[in-house]
Amino acid sequence: MAADPTTVSLPPELIPGDGRFGSGPSKVRPEATRALADAGATFLGTSHRQPAVRSVVGSIRAGLADLFSLPDGYEVLLGNGGSTAFWDAAAFGLVEHRAEHLVFGEFSSKFAAVTAAAPFLDDPVVLKSEPGTHPELVADATVDTYAYPHNETSTGVMTDVHRPGDDGLVLVDATSGAGGLPVEPTHFDVYYFAPQKCFAGDGGLWLALCSPAAIERIERLGAGERWVPPSLSLPIALENSRLDQTYNTPALASLFLLEHSVRWMLEQGGLEFTTARCDRSAEILYGWAEASTFAQPFVAKPSERSHVSGTIDFVDEVDASAIAKALRANGVVDTEPYRKLGRNQLRIAMFPAIDPDDVATLTHAIDYLAEALR
Ligand SMILES: *Cc1c(COP(=O)(O)O)cnc(C)c1O
C-alpha cells in the first residue's frame with residue numbers, strides 16, 4: 001500500500017526557501033509584508049482621499065507607466081473588485097456592440113459568458129480550443145472588441161499579445177501575465193490585471209493600462225444611453241484614477257503591497273529583470289519535466305508553455321494529488337492543479353517574486369516524493 005502522503009517528511013535540503021507556489025493569491029515578498037507592518041500606524045486606517053494614500057496610488061500609476069514603457073496618451077486606471085469586476089465594467093463600458101473572445105480555459109470562458117449574457121450586446125464571436133492549446137484571433141468586421149488572456153492561468157497556456165489586423169479594441173486579460181511576460185504596449189488597447197499574481201500583492205483591485213483609443217471608447221460610451229451601475233462605470237473610474245483615488249474605499253493594504261512590488265521590480269531592472277527571472281524558472285521546470293520518466297509538460301507546444309504558471313502532467317502510476325498533499329504537509333503549498341481541469345497534474349507558479357532556485361528545489365522534492373509514495 002502507498003504511504004500516507006501527509007506523513008512523509010522531506011529532507012531539509014529539499015524544502016524550498018519559500019514554500020508558496022500558488023497561482024493566486026501568490027507569494028508576497030516578506031520584505032513587503034514587513035514594510036506594511038512598519039507603515040501600519042501612518043498608512044493603514046487613514047483616509048484614501050488624503051496624501052498618504054493618494055501618493056501611493058500616484059506611485060502605482062507612475063510606476064506601472066514606467067514599468068510597461070507606456071507611450072504618451074496611455075493612462076493607468078484602477079478600481080475595486082479585481083479582474084472579475086473589470087469584466088463586468090468592460091461589458092458596460094468598452095464593448096460597443098459585439099466582442100470576439102478567444103476561449104481556452106476557465107478565465108477566458110468567464111469573460112465570454114459576461115458579454116454573451118449582457119442584454120445590450122450582440123452575441124459574441126467565441127473561438128474555442130482544447131485546454132492546453134489556444135485558438136488564433138480572426139479579424140471580423142462585425143466585431144468592435146477582441147478579448148483574450150495573456151496567460152490562461154487555469155491551463156498554463158500563454159499567448160503573444162498582438163492585434164488581429166483590423167481596428168477593433170484589443171482587451172488583454174493580463175491578470176496572471178502582467179509583470180512576468182513581455183508585452184509591447186502598442187499591441188493592446190487595454191491590458192488589465194490584479195495585484196495578487198505577478199505583482200505579489202493582495203487581491204481586490206483591478207488595474208487597467210488604457211490606450212488613447214480605449215479612453216475614447218470609455219468616454220464615448222459613457223456619454224451614450226446605456227445604463228451603467230456607478231461602481232462598474234469606467235468613466236467614473238477614469239475620473240477618480242486621474243485624481244489618484246478610487247470611486248469607493250479601496251483595500252489600503254493591497255495598494256501598499258502593490259506599490260512596494262512595482263518599486264521593487266523597477267529597482268531590479270524593470271520588465272527585463274522580471275521576465276528573465278520567469279524565463280529562468282520556466283527553463284528549470286520544463287527542462288526537469290522533459291527529462292523526467294514520470295512527468296511531462298501539459299502544454300504540447302513549447303512556445304505556448306507559460307513562463308508564469310507551469311502545468312505538469314504525471315503518468316498514471318504517480319498520483320499528483322498525493323504529491324501535492326505531501327508537499328503541503330511539508331509547508332510547500334498550492335501546487336494543486338486548477339480543480340475543474342481534472343487532470344493528474346501539478347500547477348506551479350513562477351511569478352517574478354518566486355526565486356528560480358526555489359523552483360529547482362521543488363522539482364527535486366517532487367522527484368523524492370514520487371519515489372517515496374510509490
Ligand atoms: C486570477 C485570474 C482572474 C480573476 O482575478 P480576480 O482578481 O480574482 O477577479 C482573471 N483572469 C485570469 C487570467 C486570472 O488568472
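Predicted model: local features only at pLDDT ≥ 70, side-chain atom pairs only at ≥ 80, totals over all residues.
Which residues have the most contacts inside the largest nonpolar core?

1. Residues are numbered from 1 along each chain as its sequence is written, and side-chain values use heavy atoms, with hydrogens and water left out.

2. To take up the opening question, Leu64, Phe68, Tyr191 and Phe199 have the most contacts inside the largest nonpolar core, which has 49 residues. Such a core is a set of buried Ala, Val, Leu, Ile, Met, Phe, Trp, Tyr and Cys residues joined through side-chain atoms within 4.5 Å; buried means under 20% relative accessible area, exposed over 50%, and partly exposed in between (1.4 Å probe, protein chains only). At least two core residues come from each of α1 (30-43), α2, β1, β4, β7, β8, β9 and α7 (252-268), with α7 giving the largest share, eight residues. Because domain 1 (5-28 + 271-372) and domain 2 (40-268) both contribute residues, this core lies between them; the domain bounds come from an automatic or database domain assignment.

3. Look next at Leu64. Leaving aside residues up to four places away in sequence, Leu64 touches Leu70, Val76, Phe193, Phe199, Leu207, Leu209 and Val262 (contact means heavy atoms within 4.5 Å). Another core, of 40 residues, lies apart from the one above and includes Cys198, Ala349, Ile366 and Ala370.

4. Now for the sheet. Seven strands form an open sheet in the order β1-β9-β8-β7-β4-β2-β3, with mixed pairing. Its edge strands, β1 (75-80) and β3 (125-128), each pair on one side only. Helices (H or I, at least four residues) and strands (E, at least two) are DSSP runs, numbered from the N terminus, and two strands pair if DSSP finds at least two bridges between them. Strands β4 (residues 145-149) and β7 (residues 169-173) run parallel and are joined by five bridges; Tyr146 stands opposite Val170 in β7.

5. Helix α2 (residues 51-67) packs on this sheet, where it touches β1, β8 (190-193) and β9 (205-210). The direction of α2 makes about 135 degrees with that of β1; axes are lines fitted to C-alpha atoms, for helices over the stretch in contact, and angles run from 0 to 180 degrees between N-to-C directions.

6. A search of the whole structure finds 16 aromatic pairs, where rings of Phe, Tyr and Trp (its six-membered ring) pair if their centres lie within 6.5 Å, and planes under 30 degrees apart count as stacked, over 60 as edge-to-face and the rest as tilted. Phe68 and Tyr191, both buried, have ring centres 5.6 Å apart and planes at 65 degrees, so their pair is edge-to-face. Phe68 lies in the loop between α2 and β1 and Tyr191 in strand β8, so the pair ties together parts that are 123 residues apart in sequence.

7. Finally, some backbone details. Most residues other than glycine have a negative phi, and most peptide bonds are trans. Ala200, in the loop between β8 and β9, has a positive phi of about 50 degrees and is buried, at 2% relative accessible area. A cis peptide bond joins Gly24 and Pro25, with omega about -5 degrees.
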